[in-house]
Amino acid sequence: MTTTTAVRDDLAVPTRKTGFRTLLGKLARDPWAVASSTTIVVFVLAAVFADQLTGITGNDPYTYHQDLLDAKGQPTGWGGGIGADHWFGVEPLTGRDLFAIVVYGARTSLFIGISATVLSVLIGTIVGITSGYFGGWYDRIVSRGVDVMFGFPTLVFLIALMAIIPADVPRPPFIALVIGLFGWPGISRIVRGQALALRERNFVVASKAMGARSWRIVLGQVLPNVGATIIVVTSIIIPGMIAAEAALSFLGVGVTPPTPSWGRTIGDAVLWVRTSPMYLVFPGAALFLITLAFNLFGDSLRDALDPRTARR
């Protein structure tokens with residue numbers, strides 16, 4: 001009886017699930033996880049309820065307020081025009097409300113970052129888990145393709161592509177699509193390494209010996225055991241996608257005016273940093289905070305899901 005039990009335990013699928021409540025308890029005890037998740041929730045709520053937030057002061061990111069500018073186009077008053085009606089001041093040359101620009105810019109940046117991440121994770125997971133599990137000629141071809149993607153000048157191609165697309169094409173969905181299509185190789189490498197290790201485990205070998213179909217093994221045994229890694233990687237690459245959109249907009253080939261965007265606002269603010277520094281502070285701080293929050297939350301989530309760091 002003892003021998004039989006030992007064999008069954010060895011062949012059992014090691015799910016490693018801590019349970020949703022246990023995971024929440026670990027994250028709740030981590031001050032960095034609480035702070036980062038709170039920051040993310042605040043930004044998401046601000047993006048969702050941008051109309052209501054900007055409606056408090058009666059402003060929007062499109063209305064010009066030329067009366068708040070001097071003869072040189074610089075905002076009048078302290079801090080770039082900060083006041084009861086304009087919490088972050090106004091934009092030079094146009095006088096648009098900077099608080100509204102930052103809030104609506106969060107909607108643009110989060111939409112592109114999360115959409116591109118979902119697409120990249122989906123493609124990378126499919127490519128990585130199939131190449132790692134099936135191996136052989138398929139794995140060799142896919143691995144060479146991933147190597148080509150790593151060596152491809154992605155940024156240069158994105159700049160050239162964004163410069164030639166028609167003006168009537170909606171920029172945010174197109175940017176999310178393009179960034180997502182070029183962001184999956186790193187994820188596929190990580191998932192492939194996990195799948196390579198899992199396909200040699202006893203529970204997978206036993207399932208093969210019992211005649212289970214390959215796709216049933218991939219979906220029922222390999223994918224659940226890679227799930228924790230995918231979740232952590234997803235939380236970590238979101239800020240990279242947001243930064244990619246900001247970089248394109250900063251270079252002038254991303255979101256087009258008058259659609260608010262943190263990257264384009266930062267690019268415009270660089271020209272005014274000496275005369276109106278607050279114009280750069282607020283969008284730059286928003287981009288920094290959301291990027292830092294996602295990175296910290298990803299690290300905390302990794303520690304909570306990794307049994308080796310659970311005690312720490």
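Reader: Which side chain of opposite charge is nearest to Arg264, and how far away is it?

Author: In this predicted model, Arg264 is buried yet has no salt bridge. A salt bridge requires a side-chain nitrogen of Lys or Arg within 4 Å of a carboxyl oxygen of Asp or Glu. The nearest side chain of opposite charge lies 4.4 Å away, and it belongs to Asp268.

Reader: In which helix does Arg264 lie, and which residues does Arg264 touch, not counting those up to four places away in sequence?

Author: Arg264 is a residue of helix α12, which covers residues 262-270. Leaving aside residues up to four places away in sequence, the partners touched by Arg264 are Arg96, Ser249, Phe250, Val255, Thr256, Pro257, Pro258 and Thr259.

Reader: Why does Phe49 count as partly exposed?

Author: Phe49 is located in the loop between α3 (31-48) and α4 (50-57). Buried means under 20% relative accessible area and exposed over 50%, with partly exposed in between. Phe49 therefore counts as partly exposed, because its relative accessibility is 42%.

Reader: What is the area of the nonpolar surface patch that includes Phe49?

Author: Phe49 contributes to this patch together with Val41, Val44, Leu45 and Val48. The nonpolar surface patch made by these residues has an area of about 410 Å².

Reader: Is Ile114 buried, partly exposed or exposed, and what distance separates its C-alpha atom from that of Ile159?

Author: Ile114 has its place in helix α5, residues 98-134. Its relative accessibility is 37%, so Ile114 counts as partly exposed. Ile159 is 45 residues apart from Ile114 along the chain, and the separation of their C-alpha atoms is 21 Å.

Reader: How many helices and strands are there in the protein?

Author: Read along the sequence, the pattern is α-α-α-α-α-α-α-α-α-α-α-α-α. The C-alpha trace spans about 90 × 45 × 30 Å along its principal axes. The count for the protein is zero strands and 13 helices.

Reader: What percentage of the contacts with a separation of 6 or more is accounted for by residues 24 or more positions apart?

Author: The protein has 312 residues, of which 41% count as buried. Among contacts with a separation of 6 or more, the share from residues 24 or more positions apart is 73%.

Reader: How far apart do the centres of the positive and negative side chains lie?

Author: The protein exposes about 16,700 Å², with 66% of that area supplied by carbon and sulfur atoms. There are 25 positive and 19 negative side chains, and the distance between the centres of the two sets is 15 Å.

Note on methods: Residues numbered from 1 in each chain as written. Predicted model: local features only at pLDDT ≥ 70, side-chain atom pairs only at ≥ 80, totals over all residues. Heavy atoms only, no water. Helix = DSSP H or I, 4+ residues; strand = E, 2+ residues; numbered from the N terminus. Buried < 20%, exposed > 50% of the residue type's maximum accessible area, 1.4 Å probe, protein only. Lys, Arg positive; Asp, Glu negative; His and termini not counted. Contact = heavy atoms within 4.5 Å. Patch = residues over 30% accessible without salt bridge, like charges linked within 9 Å, V, L, I, M, F, W, Y side chains within 5 Å. Areas by Shrake-Rupley, 256 points an atom, 1.4 Å probe, with all protein chains shown as cover. Charge placed at Lys NZ, Arg CZ, Asp CG, Glu CD.
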